[in-house]
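Have the sequence and the 3D view open as you read.

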Amino acid sequence: MKKIFFENIQKQSVGQQIEVFGWIDRIRNLGGLVFVDLRDRTAVLQVVIDPRKIPQANDVGLQDCIHAVGIVRERPDNQKNQKMKTGDVELETVQLHTLAKSRVPPFVIENDVKANEELRLRYRYLDLRRGTMQQNIILRYRVVTAMREYLNKNDFIEIETPILTRSMPEGARDYLVPSRLYSKKFYALAQSPQMYKQLLMVAGFERYYQIARCMRDEDPRHDRQPEHTQIDIEMSFVDEDDVFTIAEGMFAHIFKKVMEQELRIPFPRLTYEQAIEEYGTDKPDLRFEMKIRNLKDIFSNKNFPPFKDKKEIRGLVVKNGSKITRKILDEFSETAKKTGLSGIFWTKKEEAFSGSIAKLMDEEIAKKINLEKGDLLLISAGNDKIFSFLGRLRNEIAKELNLHENGFRFLWVTDFPIFEIDKKTGKFTASHHIFTQPKKEDIEYIESEPLRVRGRLYDLVCNGNELASGSIRNHNRTLQERLFKVANMDKNKYTMLLDALEYGAPPHGGIAPGIDRIIMVLAGLTSIREVIAFPKTTQAQGLLEGIPDVVDPKQLKELNITFE
């Protein structure tokens, strides 16, 4: 059994005879000695071999798995490598054994990998040998461990809930599992533990969590996986502030324990309406300023045809934005027109105003909107689409001008609408999550004005990424059935929850932070596939496993499944 990891081999180990196990990352033959960079999951260790004493040193190759016995020596000062955890020492080898030879890998296994993602996923077990990938997976382990530590200390109980359940769509299609014993009947893979965690509150456990696997048959998207992992948290006798306090405390613990940083809490809060109006999105990135400005009072009376009779006139003041080229501004304008808006109109302030709306500007307006020398003003006009467009534009400009500050900026977004109009059917549907309790003052509008009804819903956002969603739940059957009816959902699919709500269900609520996305953000990455050991492609394929795949016809016959 391996007894020592490389990161623990330091100066205090000098003079000791040890045995090491690992994989060969690099081989150099210098002056009659062979220098091998040997890697384990913790570090790289330089192993020095004299082929005159150990002839098999001439036969080892890259990615071979080897076992070596040797004496730890301190490196000469001019050979020490401060970039390596073991850079002060090396192993002078006295025994060498090749445990397993490696074929020539299909790509070079290095941190700055050149291979495309498809090849990496096909040979994921080799891709996972890379130091950066191992760091990501170990970071994930450490974060999940910190989550468990915090919740355990705060009186939560970890409880597992079923993966095989009944079909209860929660905004995506179910993965269905045919029953062999019950012909023409199906299980569904759980999209989340939603029903069960609410039942656990009815059962009286009061504080629950689990590391939950969730399966959703969604249309392909670059930032989604058919299966994901979340830390599922539910509590009884709580309101929004209680849930926020627990979640903020958990993230503060993660940052202190794993990131060695102090996280400032409590997090700021915005309502959904405020987020859309000020940032054009329900997941705003607060690492840079630049709010959307309401400019209707200033420009609606300027007799400028593109602004005439428009519902909204909104814009962005881009500090030091005069460096944005005319070509880029024209591209912005074309995108706006494709969105159904009037285009982008702009002015730059230098010694004088320039641009398509320079004639509308004066110093008084500039002072009112804080447009200073070197700044850029962008304006568009049109309907409510203007908010999402300016939100996207805000992010593009921040990327173009490198405006993002370092660090992590968290915030809560609250009071989401419960309903929206389905674009395909024209009917009301749940916009976020139907099991939420409506805001008390909006309950009277459930049937008469559904789009007016806000829920006790909340998202946790960091650096423009949604990390968690949650709500204060319904614990009243009648109210829950009213919501199902407006959302055109079959209440009979949810009888196990509805029935339970009639047996002294406590007020309860919770939150479910997505672990994949949390690790992605903490690691400073842009793809969740980089923090999942064995992910699927954006098209929901497993290239390593070759899935989805056909199955033996005998299996289909046992399940009474035929294809037309």
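**Notes for a first look**

1. Leaving aside neighbours within four places in sequence, Asp232 is in contact with Pro193, Lys197, Tyr208, Tyr209, Gln210, Ala212, Ile511 and Ala512. Please keep in mind that this is a predicted model.

2. Asp232 is found in strand β11. Asp232 counts as buried because its relative accessibility is 0%, and the cut-off for buried is under 20%.

3. The side chain of Asp232 has polar partners. One is the side chain of Lys197, joined to Asp232 by a polar contact of 3.0 Å; another is the side chain of Gln230, at 2.9 Å.

4. Next, the nonpolar packing. The largest nonpolar core has 44 residues, and the members that touch the most others are Leu151, Ile233, Met250, Phe251, Ile254 and Phe410. Elements giving two or more residues to this core include α3 (131-153), β11 (227-236), β18 (410-414) and α13 (515-522). Helix α5 gives the most, with 11 residues.

5. Apart from neighbours within four places in sequence, Ile254 is in contact with Val143, Ala146, Met147, Met259 and Leu522. A second, separate core has 30 residues, among them Tyr279, Ile434, Phe435 and Tyr494.

6. Finally, the overall layout. The domain assignment gives domain 1 (6-100), domain 2 (121-268 + 506-555) and domain 3 (288-401). The C-alpha centres of domain 1 and domain 2 lie 40 Å apart.

Technical notes:
Residues numbered from 1 in each chain as written. Predicted model: local features only at pLDDT ≥ 70, side-chain atom pairs only at ≥ 80, totals over all residues. Heavy atoms only, no water. Core = buried A, V, L, I, M, F, W, Y, C linked by side-chain atoms within 4.5 Å. Buried < 20%, exposed > 50% of the residue type's maximum accessible area, 1.4 Å probe, protein only. Helix = DSSP H or I, 4+ residues; strand = E, 2+ residues; numbered from the N terminus. Contact = heavy atoms within 4.5 Å. Domains from an automatic or database assignment. Polar contact = N/O pair within 3.5 Å; in protein donor to acceptor, adjacent residues only side chain to side chain.
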